[in-house]
Amino acid sequence: MDLVRIDAVHKHFGSNHVLKGIDLRIGAGEVVAIIGRSGSGKSTLLRSINGLESIDDGQIEVDGEKLTAGQTDLRALRQKVGMVFQQFNLFPHLKVGENVMLAPQVVKKMSRADCEPIAKAMLAKVGLAEKFDAYPDQLSGGQQQRVAIARALAMQPKVMLCDEITSALDPELVNEVLAVVKQLAVEGMTLIMVTHEMRFARDVGNKLVFMYQGKVHESGDPKELFANPQTPELQSFIGAIN
Amino acid sequence: MMTEFTLWDIIRNLITGLEWTVGLSLTAFLLGGAVGLLVLTARIGRFPWLQKAMKGYIELFQGTPLLMQLFLVFFGISLMGIDVPAWLAAAIGLTLFTSAYLAEIWRGCVEAIPKGQWEASSSLAMSWVEQMRYVVLPQALRIAIAPTVGFSVQVVKGTSVASIIGFAELTKTGGMLANATFKPFLVFGLVAVGYFILCYPLSHFAMRLERKYRGSSSH
């Protein structure tokens, strides 16, 4: 049973056709890494899964919630899809715990008393239980990104989208974030990530999607694809980053 | 018959005028703030025709002199057969003027909030109203305080225009006293001191707030 179904999705930015008919099936518990050059449409594809980018044609379905062109009511879908961003995007005026509790309180109408144990558990999961009362700007980049992961998890999503979540981090902080993501993968969370961490994509991912000029150019088992790229474009992409 | 005005008589009368200036300023600022909040909501809201209408409203008040606005309110309402007292016309005119400027100042503050804040709260399934209420406005408010207090100085000085439609605030009182005492320099000097006493603490306060929020962290 597929958790995420993407069918014939098209997207234009003005005259620029950025997604040219994307079809993708993602099963529950799969860890999907989307790679490709900048401008290949990988980020746009990821952002269209929770409606941050509208699509012009086709359909996306996540756990029974459908998204089509022109749709504006995204509340049900977005409750099933968590997202973590390159720039963390924590709410700077709220403490760490409040960041994590805000959406459950506001969107799910849970009481603070009910949210607090969930928030504490999620922060413990990312190793930051003791930062509950800190403000985001008192944390390192890696810690902030882990809070962002806890914030997304607190909504108990079915899928997590990760948009280059280690790209804004200092090199020494990348691993603490990747370790958290790896733990999520081990626990069976469905993950779709746009990433430049090729080693991580190969070791932790169980599906690799190579985007090229707005299409899925090649996809399959990461280890196999990295070892035997079938298309010259993927060959040169892998060659360029190694 | 000639009445002699002592310095104390002049000051006493000016203080009464000053009180009306303060009253008019407060009224315009508070009501203008309330109306401005509505204008702001419509200006940045999701209905394109309302956005356009509010853009027009703001441009109208920013693009015409306050004096003309007061004339239009004062004489415009009389034209409809309703007799408006000067204080009411002044309060209405200044309220509209203030609402347009505050809405525009606040819009800038809302737009200064990074796009990532909207995206993060969107991805957490929050609605537009929830995003505004819990994420964007609390942050925008912080950066809006200093320019808002700064603008209050403009409102105080703007009230002097109400003298032209006959409202006896500080400037009008000064004009009457100058005519009666033949000491315009003294009287208007004191009028200026009166405005300064009101405005200096406000602009000083605004500067301090600005430094505070520029320098420190965002919570």
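**Figure 1. Thr21(B) in helix α1 of chain B of the predicted model.** Thr21(B) is buried, with a relative accessible area of 0%; buried means under 20% relative accessible area, exposed over 50%, and partly exposed in between (1.4 Å probe, protein chains only). The residue belongs to helix α1 (residues 7-44) of chain B. Helices (H or I, at least four residues) and strands (E, at least two) are DSSP runs, numbered from the N terminus. Leaving aside neighbours within four places in sequence, Thr21(B) is in contact with Val156(B), Thr159(B), Glu169(B), Leu170(B), Tyr195(B) and Leu198(B), where contact means heavy atoms within 4.5 Å. This is a predicted model, in which local features need pLDDT of at least 70 and side-chain atom pairs count only at pLDDT 80 or more, while totals for chains, interfaces and linings use all residues. Residues are numbered from 1 along each chain as its sequence is written, chains are lettered from A and ligands numbered from 1 in the order in which they are written, and side-chain values use heavy atoms, with hydrogens and water left out.

**Figure 2. The helices of chain B.** Chain B has eight helices and zero strands, and its pattern along the sequence reads α-α-α-α-α-α-α-α. Along the principal axes, the C-alpha atoms of this chain fill a box of roughly 80 × 45 × 20 Å. Of the 219 residues in chain B, 43% are buried. Among contacts in chain B between residues at least 6 apart in sequence, 72% join residues at least 24 apart.

**Figure 3. Ile34(A) in strand β3 of chain A.** Ile34(A) lies in strand β3 (residues 31-35) of chain A. Why does Ile34(A) count as buried? Ile34(A) is classed in this way because its relative accessibility is 0%. Residues touching Ile34(A), not counting those up to four places away in sequence, are Lys42(A), Leu45(A), Leu46(A), Ile192(A), Met193(A), Val194(A), Thr195(A), Val209(A) and Met211(A). Ile34(A) and Ala201(A) are 167 residues apart in sequence, and their C-alpha atoms are 8.5 Å apart in space.

**Figure 4. Confidence along chain A.** The mean pLDDT of chain A is 95, and 100% of its residues reach 70 or more; pLDDT is the predictor's confidence in each residue, from 0 to 100. Among the elements of this chain, strand β6 (residues 81-84) of chain A has the highest mean pLDDT (98), and helix α9 (residues 232-241) of chain A the lowest (89).
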